[in-house]
Amino acid sequence: MDKPAISIRGLTRRFDDLVAVRDLSLDVASGELLGLVGPDGAGKTTTLRMLAGVLPPSEGDAIVLGQSIATRPEAMKSDIAYMSQRFGLYQDLTVRENIEFYADLYAVPRVDLPDRIERLYAFSRLGPFERRLAGDLSGGMKQKLGLCCALVHRPRLLLLDEPTFGVDPISRRDLWLIIHERIAGGTTAIVSTAYMEEAERCDRVAFLHEGRLVGLDEPRALQGSLGADVVELEVDRPRQALVELARSPLVRSATPFGDSLRLVLRREADWSAVRAALEAAGLRIARADAARPSLEDVFVELVRRMDEARP
Amino acid sequence: MTRLSPFRIGQIVRKEVRQLFRDPRSRPILFVAPLIQLLLFGYAVNTDVRNTPMAVLDHDRSAASRRLIDAMEAAGYFDVVHAADRSAELVEYLDRGRATVVLEIPPRFGRDLAAGQPARIQLLLDGTDSNTGTVALGYARRIVLAFGLEEGGRLELLEAGPRLEPRAWFNPALESRTYNVPGVIGILLTLMCLLLTAFSVVRERELGTLDQLRVSPVRPAELILGKTIPVTIVALVDLALITAVARVWFGIPFRGSLMVLLVVSLLFIISGLAAGLLISTVSKTQQEAFLTMYLVLLPSIMFSGFFFPIHSMPELFQWLSYINPLRYFMEIVRALFLKGAGAAELWPQFGALLLIGMVALGWAIRRFARSIA
């Protein structure tokens, strides 16, 4: 295996009394797409800002593209792209002027620029709007323009902080297309998101909770690690079933899911026992299928285990 | 440490200029607003006392008393707005502010004057505006004095002994405009530097573009240069514009050297840019920047000698005014326009401006670099 693009060791960041990121250690391979997943306040933004070299760590270090962020935070700036949740665009400059300005900051050769911009337009579909002021774009288009600006200097590493936050589904798909195209071209990326379904698009997922790493693996491996059964259930009286299930010691959670119910069983529990209990309560089960655990199920379980392990 | 990149600085300058001229709201601020302010100061801010409303009660109604009233009016300093019949009317006019000055001429005024007896008149002044009051009193004294001499009689104010014949140099007519308009240059340059510098930084902070610049290879020094060069250019264009209008439109004499004016303005602009950068480091939003700007702008105008002479301020404020670059700039610009002074006479002010500018700039750069790092 190549040397990792990022090697994080014991990375910690405190803000006064608050520990935003606690003793984080992980490697990101070159060309890998890592999803940084967790709720608000989990430490995603703090982690990305430290890796981008704009926030010094309180303890620990990370070697990003061969440079230490603790001692040489400026060294790798021209090789990375950091995109904050709300990418800063000059509202009174046009789409093209914004891209050109960011290209100039990174000293992209002028001769290469038209070609690069065309490629970015091809994926972002911003070409027809290139003369429009950035301030007049819709939210999704703004975000796509932000990504284009961040990518125009062909960074070797992308650090994207919730790039799809508040973006419509079509634009969201476009954004992921652009990211995947870059990964295919050999770029490494860390993308943070609070959307679990987006995490499945990543090579590996790092779950963060209250500044701690609670899980790190490929999405499928994580789903397999739950060690509990997930059942999708159709029943004649779902409301009454929910009440019954909430009382059951065998069921960890039961949530309505469209017309059906989604159950996560306790690890030691057996579906047939739960089924028997429901039928004993007079409910008629129309359908019951074993389902793949979602990443959300896994995350909730990992957080629960972490809380249990804590004194 | 990598070297500063002239290319990157150039690109930032280009972007700043583009933004300055694109925004339809900011365009007029650059050149039109300074001109309007100059016209306002040139015309409206007038501390000359003319056409002061005066009410008169003439108990005497003699030829002599009428000549005195005519003399009061003739110089253009007083306008008789009311001829009263009773003393109570005079008081009422003063109370209501319909007259600033009231003149009461006693009976026997003409007779006393003709007989060479001491003739007395009473002048009451509205002292609410002490400045106008004092000046009006001075005018009235002079008129009465001249009147007494002419009539050959004895007016109470007329005394024997040496007489003072004042003559004002550099501004012989003692016109306030001649004094004010050059001073406006300092105020407008301060305003432009503070406003444009602070806002161009704070706006980027609000938009989040400053964050994006931080993760880019742009260095703080490059950013500072990229932001201040366009402001300097705008300020210099304004300087040329204002100087030309002052000279041509208001006919203010310019007796010094334009080269000296340019050099001293550049020195002064440095302090303005530094103050603008400092404001930007303490302001998160444009509103905050605006308020902070006023906190800086108002005292610097107050303690510059623009409105009030510094030597009549309490000592503490006189000391404070020594760190105010506008104070030195005012002195230099007025001396340049009116006295034709050059570097030989003005070097202490030059030195002070240079020192303040360098200290402020050094401080601003350090703070700014820290605020974005």
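**Entry 1: B:Arg366**

I began with B:Arg366, which is exposed because 12 other C-beta atoms lie within 10 Å. I used these classes: buried means 20 or more other C-beta atoms within 10 Å of the residue's own, exposed means 12 or fewer, and partly exposed is in between, with C-beta atoms placed from the backbone. The model is predicted: local features need pLDDT of at least 70, side-chain atom pairs count only at pLDDT 80 or more, and totals for chains, interfaces and linings use all residues. Residues are numbered from 1 along each chain as its sequence is written, and chains are lettered from A and ligands numbered from 1 in the order in which they are written.

I located B:Arg366 in helix α14 (residues 343-372) of chain B. For helices (H or I, at least four residues) and strands (E, at least two) I took DSSP runs, numbered from the N terminus. I then looked up B:Thr190, which is 176 residues from B:Arg366 along the chain; their C-alpha atoms are separated by 21 Å.

**Entry 2: Chain B as a whole**

I found 14 helices and 6 strands in chain B. Its C-alpha trace spans about 95 × 45 × 40 Å along the principal axes. The radius of gyration of chain B is 28 Å, whereas a compact globule of 373 residues would have one near 21 Å; the radius is taken over C-alpha atoms, and the globule rule is 2.2 Å times the number of residues to the power 0.38.

I looked up the domains, whose bounds come from an automatic or database domain assignment. Chain B is divided into domain 1 (18-45 + 175-372) and domain 2 (52-155), and the C-alpha centres of these two domains lie 46 Å apart. Of the 373 residues in chain B, 39% are buried. I counted two residues as in contact if their C-beta atoms, placed from the backbone, lie within 7 Å. Among contacts in chain B with a separation of 6 or more, 78% join residues 24 or more positions apart.

**Entry 3: Chain A and its sheet**

I found 10 helices and 14 strands in chain A, with a C-alpha trace of about 75 × 45 × 40 Å along the principal axes. Buried residues form 41% of its 311 residues.

I traced an open sheet of 4 strands in chain A, in the order β2-β1-β4-β5 and with antiparallel pairing. Its edge strands, β2 (18-28) and β5 (67-68) of chain A, each pair on one side only. Pairing requires at least two DSSP bridges between two strands; strand β1 (residues 6-15) of chain A is joined to β2(A) by 7 bridges. A:Arg14 stands opposite A:Val19 in β2(A).

**Entry 4: Cores and interface**

I defined a nonpolar core as a set of buried Ala, Val, Leu, Ile, Met, Phe, Trp, Tyr and Cys residues joined through C-beta atoms within 7 Å. The largest has 134 residues, and A:Leu51 and A:Leu159 have the most contacts inside it. Helix α7 (residues 176-207) of chain B gives the largest share of this core, 16 residues. Another core, of 23 residues, lies apart from it and includes B:Met54 and B:Leu68. Beyond its neighbours within four places in sequence, A:Leu159 is in contact with residues including A:Leu48, A:Ile80 and A:Ile190.
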